[in-house]
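I opened the notebook to record what I looked up in this structure. The entries follow the order in which I checked things.

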Amino acid sequence: MKKILLLVIPVAAGIVFFTSCKDQTKTATGTEAKADFVVMPYKATYSSSFVISDNAKNEQSVLQSYKDWEDNKLSNAAGYYADTVSFTFPDGETFKMKRDSMINFFHKHRDSLSSSKIEVDAVTNLHSTDKNADWVSVWYKQTDTYKNGKIDSAYFQDDNNVVNGKIILFSSKMQKLIKK
């Protein structure tokens with residue numbers, strides 16, 4: 001009897017211990033509880049509930065829009081921009097335009113360049129679980145060469161809101177590069 005108890009008690013204790021432990025990490029689906037509850041000093045006005053998205057199509061559409069800018073193929077924009085697009089430039093200027101008007105707007109600037117080179121540093125494909133919204137953030141360096149020979153470079157961080165595979169909004173932040 002003692003041998004059985006010596007075997008049963010540790011096994012039972014192990015079962016109780018392991019079944020009482022729960023994995024409290026948050027998964028990509030957001031269905032499990034967070035491991036730690038921390039009070040943040042600010043409440044996000046939009047959302048603080050993001051997970052990494054596995055929708056590679058959104059990321060591909062956004063990056064293709066950058067590649068088509070670089071290659072001066074803005075006529076491809078219908079493939080990745082919605083019928084109406086909102087955008088905010090680094091200086092704070094905000095526009096909302098029909099896709100065709102936006103393409104004409106961008107053509108004017110792109111036509112002033114002999115080349116534009118984009119080097120992507122990072123891409124983050126996110127899904128806001130509480131807003132059910134998809135965002136693709138891109139960090140990159142862009143070097144523009146104007147037809148008059150002037151060269152201008154800056155680092156950018158853009159946020160692209162994608163709905164049904166089409167970009168409906170993008171917001172751009174810029175850090176100028178200082179020549180040494």
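Before the entry on pockets I noted the term: a pocket is an open set of grid points where a 1.4 Å probe fits, with protein on both sides within 12 Å along at least five of seven lines. I also noted that the model is predicted.

**Entry: the pocket**

I looked up the volume of the largest pocket and got about 790 Å³. Its lining has 32 residues. I wrote down the ones nearest the centre of this pocket, which are Trp69, Phe89, His109, Gln142 and Phe156. By residue class, I have 19 nonpolar, 7 polar and 6 charged residues in the lining.

Strand E6 gives the largest share of the lining, with 6 residues.

**Entry: the chain as a whole**

I listed 3 helices and 7 strands for the chain. Along the sequence I read the order as α-β-α-β-β-α-β-β-β-β. The chain has 180 residues, and 33% of them are buried. For the accessible surface I have about 12300 Å², with 59% belonging to carbon and sulfur atoms. I also checked contacts with a separation of 6 or more, and 51% of these join residues 24 or more positions apart.

**Entry: the core**

I then turned to the largest nonpolar core, which has 25 residues. The members that touch the most other members are Val62, Tyr81, Phe87, Met102, Phe106 and Phe170. At least two residues of this core come from each of H2, E2, E3 (94-98), H3, E4 (113-128), E5, E6 and E7. Strand E5 supplies the largest share of the core, 4 residues.

I followed up on Tyr81. Leaving out residues up to four places away in sequence, I found that Tyr81 touches Ser65, Arg99, Met102, Lys166, Ile167 and Phe170.

**Entry: Ser61**

Is Ser61 buried or exposed? I located Ser61 in helix H2. Ser61 counts as buried because its relative accessible area is 2%, and the cut-off for buried is under 20%. With residues up to four places away in sequence left out, I have Ser61 touching Tyr80, Gly165 and Ile167. Ile167 is also on my list for Tyr81.

Definitions and conventions:
Residues numbered from 1 in each chain as written. Predicted model: local features only at pLDDT ≥ 70, side-chain atom pairs only at ≥ 80, totals over all residues. Heavy atoms only, no water. 1 Å grid on protein atoms, 1.4 Å probe; cavity = no way out; pocket = protein on both sides within 12 Å on 5 of 7 lines; lining within 4 Å. Points joined across faces, edges and corners; volume = space filled by probe spheres on them. Nonpolar A, V, L, I, M, F, W, Y, C, P; charged D, E, K, R; others polar. Buried < 20%, exposed > 50% of the residue type's maximum accessible area, 1.4 Å probe, protein only. Contact = heavy atoms within 4.5 Å. Areas by Shrake-Rupley, 256 points an atom, 1.4 Å probe, with all protein chains shown as cover. Core = buried A, V, L, I, M, F, W, Y, C linked by side-chain atoms within 4.5 Å.
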